[in-house]
Amino acid sequence: SDGPTCAKAGSAGELYNTRIDALDITILRGGGESVGQWAREHGFQLTPDAPEVLDFYAARSPIFMAARFNAHAAKERNQGQGEGTPIHLTIPLDDPWVPLRVLGLGKASGDIIDANVFLLTPDKPNLLPAPANGVFEERSEPASKSLLDDLRSDKGMSWVPDKMWFTYLRIGEQSSRLRYDLAIDESGRGTPSPVMAGLEAPP
């Protein structure tokens with residue numbers, strides 16, 4: 001279904017609903033408490049740390065995305081177990097950021113979060129926090145022609161230009177210490193926002 005709808009009073013507002021393969025996607029607007037209420041009303045099981053994490057993100061942006069696997073839709077399209085579903089989101093931002101803190105949602109404090117982050121930017125970016133303990137920079141170099149050609153051949157990826165900078169980061173951080181996101185200055189000439197990195201509270 002397309003177009004804006006309205007959730008129950010007190011919960012977040014639904015801005016957009018769609019289905020991508022067997023995923024039901026909802027774009028929400030609201031604060032941490034209202035998004036949490038919407039999630040509970042729609043059958044999502046929230047972990048005890050969810051309110052704190054939702055508030056962390058709501059202080060920086062009121063827009064959230066909820067995704068739910070639809071088993072009936074998967075059966076109709078004969079989708080196999082473990083088959084991935086690519087989702088392309090266009091989010092206009094002067095300086096992008098990557099949510100890392102959400103990776104620790106529902107984890108025990110001693111659990112190690114292992115994740116890979118791949119960035120393509122016009123130039124070599126400045127990152128905050130800079131790669132150090134917990135965030136390891138594996139590669140930082142001009143993207144190869146074969147990589148850009150492969151990306152450009154994918155559905156909806158014809159926009160990929162001929163030249164970009166490729167950064168590969170490996171996340172290996174204890175859940176209790178992953179209290180930040182990754183803020184990016186894609187030009188490489190400015191300073192990433194400590195607020196978007198979660199290192200400072202929003203004004």
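Helices (H or I, at least four residues) and strands (E, at least two) are DSSP runs, numbered from the N terminus. By that rule, the chain has 4 helices and 9 strands. This is a predicted model, so local features need pLDDT of at least 70 and side-chain atom pairs count only at pLDDT 80 or more, while totals for chains, interfaces and linings use all residues. Residues are numbered from 1 along each chain as its sequence is written, and side-chain values use heavy atoms, with hydrogens and water left out.

**The chain as a whole**

- Reading from the N terminus, the order of elements is β-β-α-α-β-α-β-β-β-β-α-β-β.
- The C-alpha trace spans about 45 × 40 × 30 Å along its principal axes.
- Of the 203 residues, 34% are buried (buried means under 20% relative accessible area, exposed over 50%, partly exposed in between, with a 1.4 Å probe and protein chains only).
- Carbon and sulfur atoms hold 53% of an accessible surface of about 12,400 Å², computed by the Shrake-Rupley method with a 1.4 Å probe; for residues, only the protein chains shown count as cover.
- Among contacts with a separation of 6 or more, 70% link residues 24 or more positions apart; contact means heavy atoms within 4.5 Å.

**The sheet β5-β8-β7**

- Here is an open sheet of 3 strands, in the order β5-β8-β7 and with antiparallel pairing; two strands pair if DSSP finds at least two bridges between them.
- Its edge strands, each pairing on one side only, are β5 (112-121) and β7 (135-142).
- From one strand to the next, the twist averages 10°; the axes behind such angles are lines fitted to C-alpha atoms, for helices over the stretch in contact, and angles run from 0 to 180 degrees between N-to-C directions.
- Strand β8 (residues 165-174) runs antiparallel to β5, and 10 bridges join the two.
- Within this pairing, Leu 120 sits opposite Phe 166 of β8.

**Glu 173, a residue of β8**

- Glu 173 belongs to strand β8 and counts as buried because its relative accessible area is 6%.
- Its side chain makes a polar contact of 3.2 Å with the side chain of Tyr 180. A polar contact is a pair of N or O atoms within 3.5 Å; within protein, one must be able to donate a hydrogen and the other to accept it, and residues adjacent in sequence count only if both atoms are side-chain atoms.
- Setting aside neighbours within four places in sequence, Glu 173 touches Asp 111, Ile 112, Ile 113, Asn 133, Gly 134, Leu 178 and Tyr 180.

- Strand β4 (residues 97-98) pairs with β9 over 2 bridges; Trp 97 has Ala 183 as its bridge partner, and Val 98 stands opposite Leu 182.
- Strand β6 (residues 126-128) pairs with β9 over 3 bridges, and Asn 126 has Asp 185 as its bridge partner.

- Pro 129 lies in the loop that links β6 and β7, and it counts as buried because its relative accessible area is 17%.
- Beyond residues up to four places away in sequence, Pro 129 is in contact with Tyr 180, Asp 181 and Leu 182.
- Pro 129 and Ile 184 are 55 residues apart in sequence, with a C-alpha to C-alpha distance of 9.1 Å.

**Helices α1 and α2**

- In α1, the buried residues are Gly 32, Ser 34, Val 35, Gly 36, Trp 38 and Ala 39.
- These residues pack against β1 (13-20), β2 (23-29), α2 and β3.
- Just after α1, Gly 43 has a positive phi of about 85°.
- Helix α2 (residues 50-58) buries Ala 50, Val 53, Leu 54, Phe 56, Tyr 57 and Ala 58.
- The cover over those α2 residues includes α1 (32-41), β3 (63-69) and β4.
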